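I opened my notebook to look up a few things in this structure. My plan is to go residue by residue, then widen the view.

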Amino acid sequence: MNILDEIIEQKRKEVEERKSLYPVKLLEKGIYFSTLPVSMKKYILREDKTGIIAEFKRKSPSKGIINAHASVERTSIGYMQAGASALSVLTDKPFFGGSNEDLMTARKFNFCPIIRKDFTIDEYQIIEAKSIGADAILLIAAVLEPKRSKELTDFAHSFGLEVLLEVHDEDELKKNLETGADLIGVNNRNLKTFEVSIDVSKRLAPMIPDSIVKVSESGISSVDTILELKKHGYRGFLMGENFMKHSRPETAAMEFMDELRIKTKA
Ligand SMILES: O=C(O)c1ccccc1NCC(=O)[C@H](O)[C@H](O)COP(=O)(O)O
């Protein structure tokens with residue numbers, strides 16, 4: 001059993017527990033349930049932003065503890081002040097140390113697109129994402145049949161949420177091109193082996209239609225990599241550890257995005 005199988009097995013149990021603890025009727029009463037979502041796709045395409053989706057993540061299966069003490073409030077505000085296009089907040093607790101409360105805190109302090117980073121396998125989680133103030137959800141092709149990805153995408157759209165569909169290889173991409181995702185994220189990290197290679201993004205780029213916003217995910221740690229990925233048509237760049245490993249992730253993000261702005265003008 002690989003880590004992804006383990007996460008999904010755990011997630012199935014967790015979702016069933018949450019359904020009985022917080023029934024849909026309760027989620028529908030959440031303060032964000034009827035607010036209008038902010039489009040992550042639009043923000044990523046905005047020229048005055050960097051395209052970076054800055055992630056708040058305390059730990060991960062591949063790296064263990066990354067930052068146990070960072071404040072969601074200070075980090076998320078700092079990320080946006082630095083010029084991020086959107087925020088990504090991990091809400092999975094057992095494997096990433098996140099929570100729904102983290103996302104709600106980020107929501108409270110920021111008017112910007114927020115993607116709920118979790119392992120979505122059930123409609124219930126989409127309703128939950130809406131009720132905690134998310135604007136977008138992640139779907140991972142490696143754990144869903146294309147038919148199921150489409151069903152969940154349609155369901156997310158019915159709540160005004162956008163979908164970032166994550167793929168890791170040609171086969172996953174080909175099978176999921178018709179699922180209606182708003183953005184396609186190519187994960188440079190193989191979630192089964194944890195191997196990271198930016199070449200995955202470069203290889204898959206020509207297969208993604210221009211109508212879909214391309215996002216490169218994971219293992220990005222240099223401005224030059226972003227400039228290189230832009231040449232391959234990427235507009236979004238999901239970055240977590242490179243910022244979170246610092247005691248002040250928001251300062252690291254500011255320095256990184258300043259360098260990106262300078263090199264983009266040059
Ligand atoms: O990061 C992991 O170890 C991981 C393991 C299993 C499933 C998902 C995982 N990561 C989720 C992500 O998508 C990354 O947090 C995100 O792309 C940012 O990556 P990075 O910039 O390398 O922190």
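**Entry: Ala 129.** I began with Ala 129 and found it in helix H6. The model is a predicted one. Is Ala 129 buried or exposed? I counted 28 other C-beta atoms within 10 Å, and 20 or more is the mark for buried, so Ala 129 is buried. Next I looked up its contacts, leaving aside neighbours within four places in sequence. Ala 129 is in contact with Arg 116, Ala 134, Ile 137 and Leu 161. Ala 129 and Arg 203 are 74 residues apart in sequence, and their C-alpha atoms are 32 Å apart in space.

**Entry: Glu 128.** Glu 128 lies in helix H6 too. I found 25 C-beta neighbours inside 10 Å, so Glu 128 counts as buried. From Glu 128 to Lys 265 I noted 137 residues in sequence and 41 Å in space, C-alpha to C-alpha.

**Entry: helix H7.** I moved on to H7, residues 146–158.

Which residues of H7 are buried? I listed Ser 149, Leu 152, Thr 153 and Ala 156. Looking down the axis of H7, I saw these buried residues fall within an arc of 105 degrees, so they line one face of the helix.

What do the buried residues of H7 pack against? I noted helix H6 (123–131), strand E6 (136–140), strand E7 (162–167) and helix H8 (170–176). After H7 comes Gly 160, with a positive phi near 80 degrees.

**Entry: the ligand.** I counted 16 residues around the ligand. Ser 60, Ser 62, Ser 218, Gly 240 and Glu 241 come nearest. By class, I sorted the shell into six nonpolar, six polar and four charged residues. Strand E10 (236–239) and helix H11 (241–244) each supply at least two residues of this shell.

**Entry: the record.** UniProt, in an unreviewed entry, lists residues 4–252 as "domain: Indole-3-glycerol phosphate synthase". Over residues 4–252, I read 41% helix and 17% strand. The end C-alpha atoms of that stretch are 29 Å apart.

Terms used:
Residues numbered from 1 in each chain as written. Predicted model: local features only at pLDDT ≥ 70, side-chain atom pairs only at ≥ 80, totals over all residues. Near = placed C-beta within 6 Å. Helix = DSSP H or I, 4+ residues; strand = E, 2+ residues; numbered from the N terminus. Nonpolar A, V, L, I, M, F, W, Y, C, P; charged D, E, K, R; others polar. Expected span 1.5 Å × (residues − 1). Buried ≥ 20, exposed ≤ 12 C-beta atoms within 10 Å, placed from the backbone. Arc of directions from axis to C-beta. Contact = placed C-beta atoms within 7 Å. UniProt positions renumbered as here; feature names shortened; annotations may be inferred.
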